[in-house]
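User: I have a structure to look at and would like to understand the words used for it. Could you take me through some of them?

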Amino acid sequence: MRCLVTGVTGFVGSHLAELLVSEGHEVIGVARSAPVPAERGWEGDAVRVIQADITERAALVDVFRSTRPQIVIHAAAQASVPRSFEDPDGTWRTNVDGTRALYDAVRAACPQVERIVYISTAGIYRSSTQVIPLHEDAPLAPASPYAASKAAADLLSHQHAVNYDMPIVRIRLFNQLGPRQRTGFVAADVACQIARAEAGLQPPEIRVGDLSAVRDFTDVRDMVRAIWAVARRGEPGMVYNAGSGVGRKIEEVVRGLLRHSNADLRLVVEQEKLRKGDPTCLVADTSLLRRTTGWAPQIPFEQSLVDVLNDWRRRVGQVR
Ligand SMILES: NC(=O)c1ccc[n+]([C@@H]2O[C@H](COP(=O)([O-])OP(=O)(O)OC[C@H]3O[C@@H](n4cnc5c(N)ncnc54)[C@H](OP(=O)(O)O)[C@@H]3O)[C@@H](O)[C@H]2O)c1
């Protein structure tokens with residue numbers, strides 16, 4: 001199939017493109033920045049990458065007119081919570097205006113598209129106080145500019161499916177880890193520090209924030225299979241949670257990564273890293289996704305930790 005992936009140079013987009021290429025699909029990627037990073041998950045020109053900013057509607061119309069994809073997967077976003085506090089305007093522009101521009105461009109230039117997948121996030125849900133898996137109907141209560149903008153774009157996607165018969169499915173991703181994740185996410189932050197400390201590039205101290213919060217971690221390579229599963233078998237207008245369904249304290253991720261290092265490292269918990277309003281517990285109820293698509297995660301958590309750490313050992317010194 002001919003698939004267009006926005007945010008193709010990002011963490012999720014690059015793994016998704018890698019999966020689609022490996023399954024023999026034609027992949028067109030939209031990226032804002034040039035050049036495409038060397039660590040991208042596909043060989044040579046297996047993905048045709050077009051440079052465009054998703055907030056520029058006219059540029060997107062040209063992209064859709066010239067490519068006419070059957071499937072569109074919208075993964076481009078300003079996806080960092082800390083950055084969303086520094087740049088709320090840019091976050092809303094990309095996440096909301098960009099999503100609206102994308103849908104306008106599809107309607108104008110590619111109305112025959114078979115499926116559009118909007119990549120949403122668990123960060124839009126109201127945090128539970130105990131480990132109660134969140135169903136798709138759980139209340140929304142976003143607690144950062146990032147989460148608020150993603151919630152708005154999630155609802156915008158629903159509205160476009162209902163009002164304009166656009167074949168949009170939404171998938172709400174819970175936490176992820178895996179190779180190529182940028183810093184600003186817990187596993188990447190800790191693995192980066194461990195790799196740097198092992199290489200003598202920083203003191204043997206690993207600085208972390210709140211260790212008690214509970215999250216649901218899935219390897220990105222499993223997550224992109226879930227995204228592709230809803231692209232093929234999800235119902236337009238519907239929303240699906242994707243995660244492992246297992247709640248783990250952040251501490252488990254941190255200590256798990258530390259266990260895979262022989263270096264003598266000290267953990268430092270920094271109060272200033274604790275963010276007001278951060279959800280205490282986000283765990284997925286994924287029964288709808290599993291029932292609809294048959295998807296289940298395959299990569300063991302321990303394997304993901306090893307792969308994340310080895311990835312950072314490889315790219316240490318090239319922090320993005
Ligand atoms: N990572 C997670 O744990 C997680 C969890 C839940 C949901 N999600 C969602 O998954 C999606 C992908 O996240 P990610 O972690 O892959 O993010 P990422 O690594 O930061 O990648 C974001 C991608 O979007 C592109 N982009 C940003 N602004 C753009 C713009 N204005 N025009 C065109 N492209 C733009 C970036 O290109 P440049 O680098 O050139 O700007 C990059 O390719 C997002 O929708 C995010 O909300 C992620």
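Analyst: Buried means under 20% relative accessible area, exposed means over 50%, and partly exposed is in between (1.4 Å probe, protein chains only). Strands are DSSP runs of E with at least two residues, and helices are runs of H or I with at least four, numbered from the N terminus. This is a predicted model, where local features need pLDDT of at least 70, side-chain atom pairs count only at pLDDT 80 or more, and totals for chains, interfaces and linings use all residues. Residues are numbered from 1 along each chain as its sequence is written, and side-chain values use heavy atoms, leaving out hydrogens and water.

User: Which way do the residues of strand 4 point?

Analyst: Ile71 and Ile73 point one way from strand 4 (residues 71-74), Val72 and His74 point the other way, and all are buried. In a regular strand, side chains alternate between the two faces of the sheet.

User: Why is Asp278 called partly exposed?

Analyst: Asp278 has 32% relative accessibility, so it counts as partly exposed. Asp278 is in the loop between strand 13 (266-269) and helix 9 (287-293).

User: What makes strand 1 and strand 4 a pair?

Analyst: Two strands pair if DSSP finds at least two bridges between them. Strand 1 (residues 2-6) and strand 4 have four bridges, in the parallel sense, and Leu4 stands opposite Val72.

User: How do you know that the charge of Arg107 sits over the ring of Tyr164?

Analyst: The rule asks for NZ of Lys or CZ of Arg within 6 Å of the ring centre and within 35 degrees of the ring normal. The charged end of Arg107 is 3.6 Å from the centre of the Tyr164 ring, and it is counted as sitting over that ring.
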